[in-house]
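Please look over the model below before reading on. My notes follow as numbered points.

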Amino acid sequence: ATPLPGTEFYKEAKRNGWLKSDNWDLYEANNSFVLEYAGCTKEDVLKAMDIVRKKKVRQFLKKPLVALGYIYKLYQAKGFKEFSKDIANKSIFVLKSLWPMDTK
């Protein structure tokens with residue numbers, strides 16, 4: 001979750017000392033860390049995110065019509081050239097997601 005200023009979550013993060021940065025450039029990326037919890041490392045969060053993404057891909061693939069709808073919308077939004085790049089990147093991730101997960 002992203003602790004956006006003005007939200008209760010942001011106030012709680014400030015109050016508890018979880019907020020690591022007020023640099024707005026860090027709030028944009030999926031793998032940026034503006035929060036830091038005691039007993040939970042960046043590596044723990046990255047591993048959990050990877051597990052959840054893989055589970056999400058598996059759920060998505062169980063519904064082919066939803067997947068096709070997503071692909072069509074992506075094509076409409078990006079055009080052929082950007083769509084092709086994006087699909088290539090996503091295909092690699094999907095293939096990796098299909099292998100058994102390490103959930104240790």
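**Notes on the fold**

1. Of the 104 residues in the protein chain, 16% are buried, where buried means under 20% relative accessible area, exposed over 50% and partly exposed in between (1.4 Å probe, protein chains only). This is a predicted model, in which local features need pLDDT of at least 70 and side-chain atom pairs count only at pLDDT 80 or more, while totals for chains, interfaces and linings use all residues. Residues are numbered from 1 along each chain as its sequence is written, and side-chain values use heavy atoms, with hydrogens and water left out.

2. The protein chain has three helices and zero strands, giving the pattern α-α-α along the sequence. Helices (H or I, at least four residues) and strands (E, at least two) are DSSP runs, numbered from the N terminus.

3. The largest nonpolar core holds five residues: Tyr 10, Ala 13, Leu 19, Val 34 and Leu 35. Such a core is a set of buried Ala, Val, Leu, Ile, Met, Phe, Trp, Tyr and Cys residues joined through side-chain atoms within 4.5 Å.

4. Leaving aside residues up to four places away in sequence, Leu 35 touches Ala 1, Pro 3, Phe 9, Ala 13, Trp 18, Leu 19 and Lys 20; contact means heavy atoms within 4.5 Å. Among contacts in the protein chain between residues at least 6 apart in sequence, 35% join residues at least 24 apart.

5. Gly 17 lies in the loop between helix H1 (8–16) and helix H2 (42–61). Gly 17 counts as exposed because its relative accessibility is 55%. Its C-alpha atom is 8.4 Å from that of Tyr 37, 20 residues apart along the chain.
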